[in-house]
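Welcome! Let us take a friendly walk through a protein model, one part at a time.

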Amino acid sequence: MDFPFTGVIPIDKPPEASSRQMVNAVARALQMRTVGHAGTLDPLAAGVVVVCVGHATRLVDFFHQLPKRYEAVFLLGRSSPSDDLETPVEVEANPRRPSWDELFAAIPAFRGDIMQRPCDYSAVHVGGQRAYRVARKGREIELPLKPVRVGHLAATSYEWPRLAVDVECSTGTFIRAIGRDLAASLGTRCVMASLVRTSIGPFCREASLPLSDISPDSIEARLLPASVAVAHLPTVVLSEPVLEVAVRGGLLPLSTLRTLPAEHIAAIDKAGELVGILKLHGSGAYRLRPNFRGLG
């Protein structure tokens with residue numbers, strides 16, 4: 001299918017707006033239906049939401065491979081069912097006030113590859129339902145630990161009860177849970193007071209289009225090519241004969257690609273346009289999936 005526009009555009013989402021509103025605003029401006037986002041952001045949070053247009057909507061899974069960076073503020077000595085300000089907050093009567101040295105010593109345990117229990121108020125599935133729906137009914141939830149990666153975690157300021165942190169992490173990491181577990185390790189509790197996503201891979205907030213500035217002209221001027229979504233993948237330029245086989249759904253032996261083996265390889269035509277992703281097949285050859293020139 002041919003689309004009038006294909007590409008990605010980072011939008012700076014304001015607090016209280018939903019990620020879906022970013023998608024709807026772009027879709028209305030371009031008068032297109034094939035628009036989606038590459039990773040939701042809670043309504044209370046602000047920052048980068050990458051919106052995909054046209055063929056780029058089929059590259060969302062590759063955005064999930066990119067690290068995300070956040071600035072979060074926590075209030076210690078408090079707790080809530082949602083671990084933030086979305087639900088009623090309970091203030092501890094006699095909270096323990098950890099020192100800066102204690103905080104500094106505790107943070108390294110939450111860096112690297114860690115196991116994390118998702119927040120009860122989250123979109124994780126529990127028995128076929130979203131966890132937040134179960135939690136709102138007052139039912140107890142048992143969520144299994146899941147592996148996440150925290151590439152960077154640092155306290156940027158701390159003055160009781162306010163703690164500000166800078167975090168870079170993998171997709172699926174709960175920033176609220178980092179605060180929850182860090183506070184627990186210090187003998188207290190906390191709620192997340194604010195969250196800003198400052199970047200997703202190379203897409204930073206400073207270069208994102210504010211929601212209030214979305215218009216047909218502003219999107220056309222700042223729409224990035226779909227290839228930027230897979231810039232972290234190996235890339236190969238397909239010659240015309242090889243490209244013809246690929247777009248028809250044929251298998252391509254690695255020897256025809258003249259590149260090192262990888263699970264996914266970005267396929268580019270001679271004009272520099274992304275034509276799809278070469279995915280390793282069980283036979284050891286590659287097939288174009290997704291295929292922007294064909295049906296696959």
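## A strand buried on both faces

In strand E1, Gly7, Ile9, Ile11 and Lys13 point one way while Val8, Pro10 and Asp12 point the other way, and all of them are buried. Because 7 of the 7 residues of E1 (residues 7–13) are buried, the strand is largely enclosed by the rest of the structure. Keep in mind as you read that this is a predicted model.

What does E1 pair with? One partner is strand E3 (residues 46–53), joined to E1 in the antiparallel sense over 7 bridges. Here Val8 stands opposite Cys52 in E3. Another partner is E14, which pairs with E1 in the parallel sense over 2 bridges. In this pairing Ile11 has Leu209 of E14 as its bridge partner. In general, the strands of a sheet pair through backbone hydrogen bonds, and they may be parallel or antiparallel.

## A look at Pro210

Strand E14 covers residues 209–210, and Pro210 belongs to it.

## The whole protein

Now step back. The protein has 8 helices and 18 strands, and its C-alpha trace spans about 75 × 40 × 35 Å along its principal axes. Of the 296 residues, 46% are buried.

How far apart in sequence are the residues that touch? Among contacts between residues at least 6 apart in sequence, 68% join residues at least 24 apart.

## Helix H5 and its surroundings

Helix H5 spans residues 175–185. Why can we call H5 largely enclosed by the rest of the structure? The reason is that 8 of its 11 residues are buried. These buried residues are Ile175, Arg176, Ala177, Ile178, Gly179, Arg180, Leu182 and Ala183. They pack against helix H3 (100–106) and against the strands E4, E7 (112–116), E10 (146–159), E11 (162–169) and E12. Just after H5, Gly187 takes a positive phi of about 80 degrees.

Phe74, Leu76, Leu103, Leu163, Gly179, Leu182, Ala183, Leu186 and Cys190 form its lining. The elements that give two or more residues to this lining are E4 and H5, and H5 gives the most, with 3 residues. By class, the cavity lining has 8 nonpolar residues, 1 polar residue and no charged ones.

The largest pocket holds about 1000 Å³ of space. It is lined by 35 residues, and the closest to its centre are Thr40, Leu41, Asp42, Ala123 and Phe174. Helix H1 (19–30), strand E4 (68–76), helix H4 (131–136), helix H5 and strand E12 (190–200) each give two or more residues to the lining. Which element gives the most to it? That is E12, with 3 residues. Sorted by class, the lining of the largest pocket has 13 nonpolar, 12 polar and 10 charged residues.

The second largest pocket holds about 230 Å³ of space. Its lining has 12 residues, and those nearest its centre are Thr6, His55, Glu273, Leu274 and Phe292. This lining divides into 5 nonpolar, 4 polar and 3 charged residues.

## A sheet of four strands

Our last stop is an open sheet of 4 strands, with the order E15-E16-E17-E18 and mixed pairing. Its edge strands are E15 (235–237) and E18 (286–291), each of which pairs on one side only. On average, neighbouring strands of this sheet are turned by 35 degrees against each other, direction ignored.

Which way do E16 (residues 264–268) and E17 (residues 274–280) run, parallel or antiparallel? They run antiparallel, joined by 5 bridges. You can find Ile265 opposite Leu278 in E17.

Methods
Residues numbered from 1 in each chain as written. Predicted model: local features only at pLDDT ≥ 70, side-chain atom pairs only at ≥ 80, totals over all residues. Heavy atoms only, no water. Pairing = 2+ DSSP bridges. Axes fitted to C-alpha atoms, helices over the stretch in contact; angles between N-to-C directions. 1 Å grid on protein atoms, 1.4 Å probe; cavity = no way out; pocket = protein on both sides within 12 Å on 5 of 7 lines; lining within 4 Å. Points joined across faces, edges and corners; volume = space filled by probe spheres on them. Nonpolar A, V, L, I, M, F, W, Y, C, P; charged D, E, K, R; others polar. Buried < 20%, exposed > 50% of the residue type's maximum accessible area, 1.4 Å probe, protein only. Contact = heavy atoms within 4.5 Å.
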